[in-house]
Amino acid sequence: MKRLGVVGFALVVTGALALAATGCGGGKKSGGGGGNLSTLPSSACTALQGPSDAKFIVASDLPLQGAGRAQTEEMVKAIQFVIKQQNYTAGKYKVAYQSCDDSTAQTGAWDSAKCASNARSYVDDKSVIGVLGTFNSGCAKIEVPVLNRVQPGPLAMVSPANTAIGLTHGGPGADPGEPDKYYPTGTRNYARVVAADDFQGAADALWAKQLGLKNVFVLNDKQTYGFGVAFAMRKSLRKLGIGVPGFQGWDKSSSSYEAIVGKINASHADAVFLGGIICNNGGKLIKDLKAGFKGTILMPDGFSDPKSNGPAADGSYVSVAGQPPTKLSGTGASFITYFGKQIGATPNPYSAYSAETLVVMIAAIR
């Protein structure tokens with residue numbers, strides 16, 4: 001049986017965390033905890049982990065419900081693994097950790113209202129010094145401006161997985177006013193440790209050329225990330241002289257994608273690109289494509305967890321916005337070895353990048 005292909009490309013750091021712990025939440029306490037440390041609300045976050053006399057909290061903000069939860073739960077374990085190795089310290093400071101969920105059972109994915117309420121919780125809790133997240137770019141676009149306005153802030157955020165172009169820079173694929181509209185104070189408080197979609201789209205297009213593909217039908221899930229990566233893919237394909245016979249969205253609530261499959265076949269495409277995330281009914285879309293389309297299936301990092309994609313995705317290709325686990329070197333390779341032993345499996349591609357967000361945050365606090 002063919003294994004899921006993972007197309008890796010070099011890590012590009014697309015933002016600088018120029019904050020040196022510029023600020024923590026400036027408002028009220030929001031809960032109990034050991035000593036003078038407040039805690040984030042249990043309605044969204046797990047119990048506090050770390051020393052009771054810690055001065056600060058670092059929170060992670062990831063969608064922990066729905067089809068992609070196996071991936072994000074492992075990302076939380078990766079953060080826990082590293083902060084325990086750091087002995088919950090950042091230089092002279094003791095730092096505790098809380099894992100927070102930005103999804104709901106109803107949506108089975110990140111939820112805009114939950115993202116907004118989480119952001120308010122972080123800025124209202126004076127113990128919170130940094131946020132690791134988000135996983136979804138649309139959620140980041142809600143949270144980053146809230147964290148940016150904190151006094152004496154801004155409050156730092158480092159993402160392991162956001163790839164939307166406009167979060168850090170403008171250009172083709174970014175919306176008008178991006179990225180400045182996310183930083184109303186004029187100070188950048190957000191960074192990511194993976195490449196943006198203008199890099200990912202270019203890499204995916206180059207891979208399509210290497211595979212000898214001639215016409216790629218490009219789909220998107222109509223969300224911030226999905227449309228952005230699909231736009232970048234279309235632009236890059238055209239630059240390489242590869243045809244794009246179709247560009248359209250898929251409805252995540254649909255019970256069947258046979259009509260889309262029929263349109264792809266009628267276009268004489270030899271491949272299809274799924275710009276989006278597995279949580280938006282991506283598994284059903286893959287199954288319907290496999291049942292009625294004989295060409296190549298290409299997917300971006302929204303489908304980077306083989307467990308969530310299911311066996312129908314076997315033989316397809318998936319890109320990640322950095323290096324896949326087997327290509328990491330140095331401390332990255334060591335992390336894959338030792339964390340892999342702890343979980344009894346090769347870590348998901350984004351587990352290493354989740355661990356790296358904590359490393360960046362600890363360095364900033366230190």
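Rings of Phe, Tyr and Trp (its six-membered ring) count as a pair if their centres lie within 6.5 Å, with planes under 30 degrees apart called stacked, over 60 edge-to-face and the rest tilted. By this rule the count comes to nine aromatic pairs. This is a predicted model, in which local features need pLDDT of at least 70 and side-chain atom pairs count only at pLDDT 80 or more, while totals for chains, interfaces and linings use all residues. Residues are numbered from 1 along each chain as its sequence is written, and side-chain values use heavy atoms, with hydrogens and water left out.

Trp-207 has a relative accessible area of 22% and is partly exposed, a term for values between buried (under 20%) and exposed (over 50%), with a 1.4 Å probe and protein chains only. Ring pairs also link Phe-81, Phe-335 and Phe-339 into a cluster.

Turning to the helices, the axes of α2 (residues 112-124) and α3 (residues 137-148) come within 9 Å and cross at roughly 25°, where axes are lines fitted to C-alpha atoms, for helices over the stretch in contact, and angles run from 0 to 180 degrees between N-to-C directions. The helices α2 and α3 are therefore roughly parallel to each other, angles under 35 degrees counting as roughly parallel, over 145 as roughly antiparallel, 65 to 115 as roughly perpendicular and the rest as oblique.

How values were computed: Helices (H or I, at least four residues) and strands (E, at least two) are DSSP runs, numbered from the N terminus.
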